[in-house]
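Please examine the sequence and the model shown here.

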Amino acid sequence: LCSPQIKDKVLETMRLNNDLYRALEGHELELYYQPQISSATGEIVGMEALIRWNHREYGLIPPARFIPIAEQSGLILPIGEWILSSACAQNKAWQDAGYPPVRIAVNLSIKQLRNPNFIKQVEGALNKTGLEPRYLELEIMESCALKDTDDIAQALTALKEMGIQIAIDDFGIAFSPLAYLKMVPADIIKIDQTFIQGIKTSRIDEAITRSIISLAKSMDINVIAEGVETVHQHDFLVRELCDEMQGFYYSKPMPLKTMEKVWQEKIRGS
Ligand code: C2E
Ligand code: MG
Ligand code: MG
């Protein structure tokens, strides 16, 4: 017994699940890129790769709609491998074309991290493309539950030892962010957008943002503010010495060609 809306949603999910099998082969998946900007210099120092699905019928489908479906079916493993190798190849291609070297940030699903072959996959992607490990950032969501004895913490340490940058995404919203920080060998913390959006209107969000920046600094961790949209948020974060910013204030995630145009204009203007 369910409402017509729930029934439609279930049918749509089943349809997406079936179509996702063909999406990879059919070249329907595409990486968009969003720049990460240094607060000190205003320059692009990183690019986050964000997946999109160009569905033949439904048009552009955001990751929040299909990544959970891919995780459930296990398709996240081949999709994640494609994302990783495409992002590494793209970053190397930018370097070869003369763009200033930047990090490429790749979002990971917990299922990928639990895959025993994951480290080999990352090594393979770096070897095949020739990208130096320091130009790869792997983003792991803070909501990915870890246990003390978890193999994931070991895998992350091994990746960090290879020279790859480990970032904790959406930092501050999970149940115990401080305990998480103790377990994950992070190089980068990304302050969750909900705190950034409260800058100016919420003294609590401002205080939390300030504390995360100061915590990161005292641990020698790079700190990025996500979801920066206004000049007020930008100015606050500059004052508080947040290392990097990312958000619509600078640029929305864009398809490759559009991003390259914007990047070239920025280089010419500076
Ligand atoms: P995330 O990694 O935290 O990515 C940030 C999300 O915030 C992106 O949404 C981005 O488009 C959006 N965003 C960036 N700046 C702003 C801003 O100023 N204001 C607002 N309101 N939003 C902003 P998107 O692309 O829809 O991705 C959503 C989530 O889906 C990501 O969150 C990430 O968890 C997941 N995701 C995206 N790409 C991948 C991927 O390749 N693999 C995996 N496993 N997950 C992915
Ligand atoms: Mg991310
Ligand atoms: Mg995030």
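The structure is a predicted model, in which local features need pLDDT of at least 70, side-chain atom pairs count only at pLDDT 80 or more, and totals for chains, interfaces and linings use all residues. Residues are numbered from 1 along each chain as its sequence is written, chains are lettered from A and ligands numbered from 1 in the order in which they are written, and side-chain values use heavy atoms, with hydrogens and water left out.

## Metal sites

Donors are N, O and S atoms within 2.8 Å of the metal (3.2 Å for Na, K and Ca); water is not among the atoms, so sites may look incomplete.

| Ion | Donors | Distances |
|---|---|---|
| magnesium ion (ligand 2) | E48 (OE), N107 (OD1), E139 (OE), D169 (OD) | 2.0 to 2.2 Å |
| magnesium ion (ligand 3) | D169 (OD), D170 (OD), E226 (OE), E226 (OE) | 2.0 to 2.4 Å |

Helices (H or I, at least four residues) and strands (E, at least two) are DSSP runs, numbered from the N terminus. E48 is buried at 4% relative accessibility, whereas N107 is partly exposed at 27%. In these terms, buried means under 20% relative accessible area, exposed over 50%, and partly exposed in between, with a 1.4 Å probe and protein chains only.

The donors of the magnesium ion (ligand 3) follow the pattern D-D-x55-E along the chain. D170 belongs to strand β6 and E226 to the loop between β8 (222-225) and α10 (231-239), so this pair ties together parts that are 56 residues apart in sequence. D170 is buried, with a relative accessible area of 18%, and E226 is buried as well, with a value of 8%. The two magnesium ions, ligand 2 and ligand 3, lie 4.3 Å apart and are bridged by D169.

## The largest pocket

The largest pocket has a volume of about 860 Å³. Of the 35 residues that line this pocket, E48, L50, P63, N107 and D169 are the closest to its centre. A pocket is found on a 1 Å grid over the protein atoms alone, as an open set of points where a 1.4 Å probe fits, with protein on both sides within 12 Å along at least five of seven lines; lining residues have an atom within 4 Å of a point. Grid points are joined across faces, edges and corners, and the volume is the space filled by probe spheres set on the points.

Elements that each supply at least two lining residues include β2 (44-55), α2 (63-73), α3 (76-96), β4 (103-108) and β6 (165-171). By class, the lining holds 16 nonpolar, ten polar and nine charged residues. Here Ala, Val, Leu, Ile, Met, Phe, Trp, Tyr, Cys and Pro count as nonpolar, Asp, Glu, Lys and Arg as charged, and the others, Gly among them, as polar.

A nonpolar core is a set of buried Ala, Val, Leu, Ile, Met, Phe, Trp, Tyr and Cys residues joined through side-chain atoms within 4.5 Å. The largest such core has 71 residues, and those with the most contacts inside it are L20, M47, L136, L138 and L237. Helix α3 gives the largest share of this core, seven residues. Beyond its neighbours within four places in sequence, L136 is in contact (heavy atoms within 4.5 Å) with residues including L84, C88, I104, V106 and I164.

In α2, the buried residues are R65, F66, I67, I69 and A70. Their cover includes α1 (4-23), β1 (29-38), β2, β3 (59-61) and α3. G74 follows α2 and has a positive phi, near 90°.

C242 is placed in the loop between α10 and β9 and is buried, with a relative accessible area of 2%. Not counting residues up to four places away in sequence, C242 touches S39, I213, V223, I224, A225 and L237. C242 and N222 are 20 residues apart in sequence and 8.5 Å apart in space, C-alpha to C-alpha.

S251 lies in the loop between β9 (244-245) and β10 (254-255) and is buried at 8% relative accessible area. With residues up to four places away in sequence left out, S251 touches Q34, P35 and M259.

G130 is found in the loop between α5 (118-129) and β5, where it is partly exposed at 42% relative accessibility.
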